[in-house]
Amino acid sequence: MVYVFLADGFEIIEALAPVDMLRRAKIDTVTVGVTGRTVKSSCGVEVTADITIDEFEYRDVQAIVFPGGYQGTLNLEKCAAVQSAIDKAADDGKYICAICASPSILGHKGLLRGKTAIAFPGFEDSLEGAVISDKHVVTDGKYITAKGAGVSVEFGLEIVKALAGEKLSNQIRGTIQCL
């Protein structure tokens with residue numbers, strides 16, 4: 001199961017493009033509303049999450065995913081249940097995926113120390129101890145990070161690749177005409 005955490009102020013394309021790619025791959029994916037069942041994106045679009053954070057149980061986790069958006073990232077980071085999910089996923093060796101500003105959450109926890117990672121320009125200092133990549137999407141071990149909204153599909157396809165293999169990721173890439 002992949003859990004995508006949404007908090008008010010999240011960047012909509014950074015959340016829903018990966019959800020789309022994962023569901024095309026037939027990977028069980030659940031959106032988790034951290035600030036309520038209805039979550040307002042940074043551009044004002046409201047999304048109804050599959051479950052709320054109060055309904056979230058850490059089990060059968062393959063990966064956890066965090067979209068960016070400055071306010072969304074702040075709201076994710078201050079949530080104790082999100083912090084706990086990150087800790088459990090790190091301890092269990094599960095994939096932890098973050099895009100845009102949200103890799104800063106992992107950096108603040110020291111999880112990227114010695115890892116190659118990327119974030120939205122200006123957030124590099126928050127990736128404490130990471131080797132900053134010049135790529136748009138980076139996988140280092142069980143950490144997948146990405147630069148921002150413009151690479152949201154690539155971010156989603158990288159998660160599919162990690163969980164279901166490169167062949168399926170490339171098949172999906174072909175069906176959506178992604179370069």
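The largest nonpolar core has 30 residues, and those with the most contacts inside it are Tyr3, Phe5, Ile64, Phe66 and Val82. A nonpolar core is a set of buried Ala, Val, Leu, Ile, Met, Phe, Trp, Tyr and Cys residues joined through side-chain atoms within 4.5 Å; buried means under 20% relative accessible area (1.4 Å probe, protein chains only). Two or more residues each come from strands S1 (2-6), S2 (29-33), S6 (63-66) and S7 (95-99) and from helices H3 (80-92) and H4 (103-108). H3 gives the most, with 4 residues. Helices (H or I, at least four residues) and strands (E, at least two) are DSSP runs, numbered from the N terminus.

This is a predicted model: local features need pLDDT of at least 70, side-chain atom pairs count only at pLDDT 80 or more, and totals for chains, interfaces and linings use all residues. Residues are numbered from 1 along each chain as its sequence is written, and side-chain values use heavy atoms, with hydrogens and water left out.

Leaving aside neighbours within four places in sequence, Tyr3 is in contact (heavy atoms within 4.5 Å) with residues including Val30, Val32, Ile51, Phe56 and Ile64. A second, separate core of 28 residues includes Leu6, Ala15, Met21 and Cys100.

The contact between H1 and H5 involves, among others, Ala17, Met21 and Leu22 of H1 and Phe155, Ile159 and Leu163 of H5.

Note on methods: Buried < 20%, exposed > 50% of the residue type's maximum accessible area, 1.4 Å probe, protein only.
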